[in-house]
Each structure stands twice: as C-alpha cells, then as structure tokens.
Amino acid sequence: MPEAIEIQLKKGVLALCVLALLSHADSYAYEIASRLTRDIDMGEGTIYPLMRRMQSDGLVETYLVESQSGPPRKYYRLTTLGRQSLEQQKAEWTTFANAVNDIVGASA
C-alpha cells in the first residue's frame, strides 16, 4: 500500500481510536500515544494536537494527577459529548468497514 494512503487511513480513524481508549479508562496523552504507536504505528507527535483539538471541541476534559516520578500529569476523560461522538463514529466506522469488506470480499 502506498505510504500516503496508509497514513491517511490512520489519521482518519485516530480520533475514533482515542475516544475508544478513553471510554475504557481516563488516560494521559503519552499513555494514549504509546498505545497507538504500538498498536497502529501512529506517530506520537500526532496525538498532542489532536488532544488539544478534542478538548477545544468539548469531547474531552482534563484534570491533573500528582505523579511520583515528576510533575503532575494531565489526564483526559470523555465528556457526555465525547461519548455521543464515540457512538456516532463507531456506527459510521462499522458501516464503512462493512462496505469495504463487502467490496474486497467480492473481488476475491
């Protein structure tokens, strides 16, 4: 797959992945970035601007937690709007993925 297409696919699902991770547990940006880097090979630098944008859009809110190994960490949690967005994006993803699978399966 050409690299540009792969990057665009990853960027397209990044917000959905972040919302999904936060639906399981509150987290700090580095922890989210590490998980996404490990699981979908998404660059860490992409996460921080996304987290700021999601906060500006009211999808997440932050709070500080003291850390034993340094300064307090900024944790993110979903807002009600964030949970609604997650459900909407999951439904859209399922519809899209099913359509792609149907096309790909039909061509085999």
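## Serine 27

Serine 27 is found in strand 1 (residues 27-28); strands (E, at least two residues) and helices (H or I, at least four) are DSSP runs numbered from the N terminus. The model is predicted: local features need pLDDT of at least 70, side-chain atom pairs count only at pLDDT 80 or more, and totals for chains, interfaces and linings use all residues. Residues are numbered from 1 along each chain as its sequence is written, and side-chain values use heavy atoms, with hydrogens and water left out.

Serine 27 counts as buried because its relative accessibility is 7%, where buried means under 20% relative accessible area (1.4 Å probe, protein chains only). Its side chain forms a polar contact of 2.4 Å with that of glutamate 31; such a contact is a pair of N or O atoms within 3.5 Å, and within protein one must be able to donate a hydrogen and the other to accept it, while residues adjacent in sequence count only if both atoms are side-chain atoms. Beyond four places in sequence, serine 27 touches Leu22, Ile32, Lys74, Tyr75 and Tyr76, contact being heavy atoms within 4.5 Å.

## Leucine 22 and the nonpolar core

Apart from neighbours within four places in sequence, leucine 22 is in contact with Ser27, Ile32, Met51, Val60, Tyr76 and Leu78. Leu22 is also among the residues with the most contacts inside the largest nonpolar core, which has 20 residues; such a core is a set of buried Ala, Val, Leu, Ile, Met, Phe, Trp, Tyr and Cys residues joined through side-chain atoms within 4.5 Å. Two or more residues each come from helix 1 (3-24), helix 2 (29-40), helix 3 (47-56) and strand 3 (70-78). Helix 1 gives the most, with six residues.

Notes
Buried < 20%, exposed > 50% of the residue type's maximum accessible area, 1.4 Å probe, protein only.
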